[in-house]
Amino acid sequence: MTASKQKIVPNLWFDKEATEAADFYCSIFPDSAITHTTTLQDTPSGDCDLVSFSLSGYSFMAISAEPLFKFNPSVSFMLNFDPLQDHDAEKRIDEVWAKLSEGGKVLMPIDKYPFSERYGWIQDKYGLSWQLILTDPDAEVRPFIIPSLMFVGDVYAKAEEASDFYLATFNDSKRGELVRYPAGMEPDQEGAVMFTDFTLEGQWFAAMESAQEHDFAFNEAISFMVNCDDQNEIDSYWQTLSAVAEAEQCGWLKDKYGLSWQIVPSALNEMIHDNDPERRNRVTQALLQMKKLDLAALHRAYDDR
């Protein structure tokens, strides 16, 4: 998947480190670069740096907008090191682990596990979580980066239901693996989802659930930005996904599982990266007044009509 064709883009919320973090991640992964930077002025969080970047061809966006939300392991990014595609996969997984570990926190030590010859889960120095895995050469090929959702607490045992809901909501969608907990793994229920993966708009996602005690849940620190072609598409996703009225703001919503999404027109990217600061500011101020985004109104603000 090329970055330009990626319809769903993870958005990372930082206090003030968006540019620094993007530079850090780009230094770790091959074929990575910052693609756009801009500043949104006069927002409720002051002036906010907005950074678009690509890691090994996978697009991310990051924003510096005050310490309102903190990353936690409910959303992590799985890194698949495939020996069939990279003869140095075993060496590279350790190199990437070492870099992501600097100043970070180990959640699961990198080691041999029943499901992988080499796997580890790390929270980096910014709090973002990564799962590094040496993939089974006999398994189906997966992309290098896959967002992974962890259903715990109030949404435990909802991973299959939620993934079915997402599969029904997005196009070009299918389920891949589905592995259930066997009996005898309490507190996890027999039949609960140990791991599943699936595509939405042709992009892979993963999900798992855990009945262990966890002090985190989905929040706005990581949201998924859906780039829409027109107002009809915006309206459709908004109606289907939005389940928390008080979370509706500036194109943001929360679904019934607590996961945050941004439903935005693809044209917004060009507007907020325009070289004319007055145009950018008009669009920003118009956007700040909206809940669901109004594409025609954004165009009017952009064109000063």
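**Sheet order and helix packing**

Me: In which sense do β1 and strand β13 (residues 222-228) pair, parallel or antiparallel, and over how many bridges?

Reply: β1 and β13 pair in the antiparallel sense, and five bridges join the two strands. Within that pairing, Leu12 stands opposite Ile222 of β13. Please note that this is a predicted model.

Me: Which way does β1 run relative to strand β4 (residues 58-64), parallel or antiparallel?

Reply: β1 and β4 run parallel, joined by four bridges. Here Trp13 is placed opposite Ile63 in β4.

Me: Is β1 largely enclosed or open, and why?

Reply: Strand β1 covers residues 8-14, and seven of the seven are buried, so the strand is largely enclosed by the rest of the structure.

Me: Which residues of β1 lie on each side?

Reply: One side carries Ile8, Pro10, Leu12 and Phe14, while Val9, Asn11 and Trp13 are on the other. All of these residues are buried, which leaves both faces of β1 covered.

Me: What is the strand order of the open sheet?

Reply: The order is β2-β3-β4-β1-β13-β15-β14, an open sheet of seven strands with mixed pairing. β2 (33-43) and β14 (252-254) are at the edges; each has a single partner strand, so one side of each lacks a neighbour in the sheet. On average, neighbouring strands of this sheet are turned by 25° against each other, direction ignored.

Me: How many bridges join β2 to β3?

Reply: Eight bridges connect β2 with strand β3 (residues 46-55), in the antiparallel sense. Thr43 stands opposite Gly46 in β3.

Me: Which strands does helix α1 touch?

Reply: Helix α1 (residues 18-28) packs on the sheet and touches β1, β2, β3 and β4. Its direction makes about 10° with that of β3.

Me: Which residues of α1 are buried, and what do they pack against?

Reply: The buried residues in α1 are Ala18, Ala21, Ala22, Phe24, Tyr25, Cys26 and Ile28. The buried residues of α1 pack against β1, β2, β3 and β4, and also against α2 (89-101) and β8 (129-134).

Me: Changing topic: how many residues of strand β7 are buried?

Reply: Six of the eight residues of β7 (residues 116-123) are buried, and the strand is mostly covered.

Me: What are the pairings of β7 with β6 and β8?

Reply: β7 runs antiparallel to strand β6 (residues 105-113), with five bridges joining them. Lys105 stands opposite Gln123 in β7. β6 and β7 form a hairpin, with two residues between them. β7 also pairs with β8 in the antiparallel sense over five bridges, and the bridge partner of Gly120 in β8 is Leu132.

Me: Which residue takes a positive phi in the hairpin of β7 and β8?

Reply: Gly127 does, with phi near 100°; that hairpin has five residues between the strands.

Me: Last topic: at roughly what angle do helices α6 and α7 cross?

Reply: The axes of α6 (residues 277-288) and α7 (residues 295-303) cross at roughly 150° and come within 8 Å. That angle makes α6 roughly antiparallel to α7. The crossing is right-handed.

Me: Which residues make the contact?

Reply: From α6, the contact is made by Arg279, Arg282, Val283, Ala286 and Leu287, and from α7 by Leu298, Ala301, Tyr302 and Asp303. By class, the contact of α6 with α7 has six nonpolar and three charged residues, with no polar ones.

Definitions and conventions: Residues are numbered from 1 along each chain as its sequence is written. This is a predicted model: local features need pLDDT of at least 70, side-chain atom pairs count only at pLDDT 80 or more; totals for chains, interfaces and linings use all residues. Side-chain values use heavy atoms; hydrogens and water are left out. Buried means under 20% relative accessible area, exposed over 50%, partly exposed in between (1.4 Å probe, protein chains only). Two strands pair if DSSP finds at least two bridges between them. Axes are lines fitted to C-alpha atoms, for helices over the stretch in contact, and angles run from 0 to 180 degrees between N-to-C directions. Angles under 35 degrees count as roughly parallel, over 145 as roughly antiparallel, 65 to 115 as roughly perpendicular and the rest as oblique. A crossing is left-handed if the near helix is turned anticlockwise from the far one by less than a right angle, and right-handed if clockwise. Contact means heavy atoms within 4.5 Å. Ala, Val, Leu, Ile, Met, Phe, Trp, Tyr, Cys and Pro count as nonpolar, Asp, Glu, Lys and Arg as charged, and the others, Gly among them, as polar.
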